[in-house]
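Good morning, colleagues. Please look at the sequence and the structure as I bring them up, and I will then go through a few local features.

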Amino acid sequence: KKLHTARSRNDQCVLDTRMYARESCVETRALLDELIETLLDLAQAHLNTVMPGYTHLQRAQPVTLAHYMMAYVQMFLRDRKRFQNAFDSANVMPLGSGALAATTYPLNRQRVAELLDFPAITQNSLDGVSDRDFVIEYVSDASLIMMHLSRFSEELILWSSWEFHFVELDDGFTTGSSIMPQKKNAFTLEHIKAKAGHMQGYAMAMYSCMKNIIYSHSKDTSVEAVKHLRLAMQEMESDFVLAELTLRTLTVKRDVMLKDARRNFCTVTELANYLVRHDKISFREAHEIIATMVGNLCDRQLTGLDINRTAINEVMQKEFGKETSLTEELIQEALDPMRIAQAKKCLGGTAREEVTRQLDALEKQLEADEALTADRVAGLAAVKA
């Protein structure tokens, strides 16, 4: 009967919610680490796989698949940092706040915090039972992750279409059609995108529950606002599993990517740069020449493979009354997508050595973070005991 001394349902309720939230943060970071490792493996395997990069979903400039995967790694690294902050927000011990006004019993809150592995204690008893910001923070961060997974999924769906055919999804993670024999639908990726919508709904539901209520304990805060926390964790875990399975079994069509990069005009920005360097004209003039040339080739239903001195001079003679000094060899050098991608060695560039530098640094960082996660898992297990 003495177990309830100096305790209230109110502070016990929020204590349990905080313990679950911080455990969820640790689990989510572990899931993120696994996904990042998968992306790093893909990047390592495709340092020399050249593909067209896009802006506005229009062909832009050649990049490597490794560079592309590393862009998503950076995105998910930011998510990991956000969940570190969410863990810190949840990792505050409220027990001892009572119903809202603390207690007259001489508590040792520091000892309880030590036993439950909380580095901080709530400093105001009313705030201790009223605060649910940490729950909203977790689900908002989860919503952001799911949005990132949804964007990634949409790109893979596009790449797996016949129009792109850059990748092929494993038969085990696609579905056919009850009527169309040729269909191969991106089953797992479509579920990921849909679940991202669920998560946005959970976040909005929490915001809606917490608005226009007094700053104290109520069913709004203790039940309705936090009821989606467990669902959010389960949905997110499902999405990570679907993404992992899909990526681990993905077939990359290297030859198709390279062929497309050669023919779809994504290399002509570098050709304009060559005109600037060799013909001593401004970039705006070079831009106009190449843009007109591309338009002419498209009108004739030709591709980037048909670019030559004749195509360039047709425009230069008409617009500027002179011919280019570029030889056919220099033109083909300028249009080589592999050379273009590997030439960009600046910090954050697409060159193999720069992507490798990022890979090496991230591998070391992940090793250190995995050790931290392992320590936290062990600490939370001790708390339960």
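Which residues form a nonpolar patch on the surface? In this predicted model, the patch consists of L100, L126 and Y215, and together these residues have about 270 Å² of accessible area.

Let me stay with Y215 for a moment. This residue lies in the loop that links α6, residues 187–210, to α7, residues 219–224. Y215 is partly exposed, its relative accessible area being 49%.

That brings me to α6 itself. The helix comprises 24 residues, and the distance from its first C-alpha to its last is 36 Å, close to the 34 Å expected at 1.5 Å a residue. What does α6 pack against? Its buried residues make their contacts with α4 (125–130), α5 (133–160), α7 and α8 (228–248). Those buried residues are T188, L189, I192, K195, A196, M199, Y202, A203, M206 and M210. Just after the helix, N212 adopts a positive phi of about 60 degrees.

I now turn to the strands. In which sense do β1 and β2 pair, parallel or antiparallel? Strand β1, residues 50–55, and strand β2, residues 58–64, are antiparallel, and 5 bridges join them. Within this pairing, Y54 is placed opposite R59 of β2. The hairpin has 2 residues between its strands, and H56 there takes a positive phi near 60 degrees.

Thank you for your attention.

Notes
Residues numbered from 1 in each chain as written. Predicted model: local features only at pLDDT ≥ 70, side-chain atom pairs only at ≥ 80, totals over all residues. Heavy atoms only, no water. Patch = residues over 30% accessible without salt bridge, like charges linked within 9 Å, V, L, I, M, F, W, Y side chains within 5 Å. Areas by Shrake-Rupley, 256 points an atom, 1.4 Å probe, with all protein chains shown as cover. Salt bridge = Lys/Arg side-chain N within 4 Å of Asp/Glu carboxyl O. Helix = DSSP H or I, 4+ residues; strand = E, 2+ residues; numbered from the N terminus. Buried < 20%, exposed > 50% of the residue type's maximum accessible area, 1.4 Å probe, protein only. Pairing = 2+ DSSP bridges. Expected span 1.5 Å × (residues − 1). Contact = heavy atoms within 4.5 Å.
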